[in-house]
Amino acid sequence: MNAHIKFITDATLAGLAKWLRLLGFDTIVYGSAADRPMMRQAQSQERILLTRRRDMRERQFAGDLFLLPAASTGQQLNLVIRKYSLKINSREMYKICLICNQRLHSVGREEVRDLVPAFVFENCEQYQQCDHCGKIYWLGSHIQNALQFLEKNNINIIKNEEM
Ligand SMILES: [Zn+2]
C-alpha cells in the first residue's frame, strides 16, 4: 500500500506534482525558494522531498530526498514511481484536485448539470468536485489520455474493469 506516501516538490517540478496528484498522491508544491523551510515542512509532515536542486542534497536533512534530473515530466514520473515502488491503480486516479491538492468528493449528476459542458453531462455519469476551489472532474476522455501518457512513459497501471 502506498496511500500514506506524500510528496513535496520545488516549484520547478509543478508538472510532476500535478501527475502525482492525478495518480492519487498527496503532493505539495513549495511556492517559495526551495530552502531550509521546505526541508522543515517535508520533515514535519513526513513528505518525500523531490527537487531539481543539487545543493539541497548537500544540506543536512534527515528525511527522504530524491534529486531529479532534467528530463521530461513523464520520465521524472517514471523515476519517482520506480524509486518508491509506487503501485499505480486506475481506481486511485482523479481523487485529488490537481490544482489545490485537496481530496475530491463525489457529486450527483443533477448537481453539476449547469456547471459542466452539455456534451459532458450527456455522456458522463460520475463526477467529483473539489470543496476548496469548486472545480469539477469527470472521467472518460481524461482518464484515457492519462492512461496513454502513462503507457507512453512505460509506467505500468493496474487497470480496473469498471473504469
Ligand atoms: Zn481544488
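**Helix packing**

Author: The axes of helix H1 (residues 14-22) and helix H4 (residues 73-83) come within 9 Å and cross at roughly 55°. Axes here are lines fitted to C-alpha atoms, for helices over the stretch in contact, and angles run from 0 to 180 degrees between N-to-C directions. Helices (H or I, at least four residues) and strands (E, at least two) are DSSP runs, numbered from the N terminus.

Reader: What kind of model and numbering is this?

Author: This is a predicted model, where local features need pLDDT of at least 70, side-chain atom pairs count only at pLDDT 80 or more, and totals for chains, interfaces and linings use all residues. Residues are numbered from 1 along each chain as its sequence is written, and side-chain values use heavy atoms, with hydrogens and water left out.

Reader: Which residues make the contact?

Author: H1 brings Gly15, Leu16, Trp19 and Leu20, and H4 brings Thr73, Gln76, Leu77 and Val80. Contact means heavy atoms within 4.5 Å.

Reader: New topic. What is the strand order in the parallel sheet?

Author: Four strands form an open sheet, in the order E2-E1-E3-E4. Two strands pair if DSSP finds at least two bridges between them. Strand E2 (27-30) and strand E4 (65-67) are the edges, each pairing on one side only. The twist averages 20° from one strand to the next.

Reader: How many bridges join E3 and E4?

Author: Three, in the parallel sense, with E3 covering residues 48-51. Leucine 50 stands opposite phenylalanine 66 in E4.

Reader: Where does H1 lie relative to those strands?

Author: H1 lies across strand E1 (7-10), E2 and E3. H1 runs at about 165° to E2.

Reader: How many salt bridges?

Author: Three. The rule is a side-chain nitrogen of Lys or Arg within 4 Å of a carboxyl oxygen of Asp or Glu. Arginine 47 forms a salt bridge with aspartate 26, with the closest N and O atoms 2.8 Å apart. That pair links distant parts of the chain, 21 residues apart. Arginine 47 is in the loop between helix H2 (36-44) and E3, and aspartate 26 is in the loop between H1 and E2.

Reader: And the antiparallel sheet, what is its order?

Author: Three strands, E5-E6-E7, in an open sheet. Strand E5 (104-107) and strand E7 (136-138) are at the edges. Neighbouring strands are turned by 35° against each other on average, direction ignored. Strand E6 (residues 127-130) pairs with E7 over three bridges. Glutamine 128 has tyrosine 137 in E7 as its bridge partner.

Reader: Last one. What does phenylalanine 149 contact?

Author: Leaving aside neighbours within four places in sequence, phenylalanine 149 is in contact with Trp19, Thr73, Gly74 and Leu77. Phenylalanine 149 is found in helix H6 (residues 141-152). Its C-alpha atom and that of glycine 74 are separated by 7.6 Å, at 75 residues apart along the chain.
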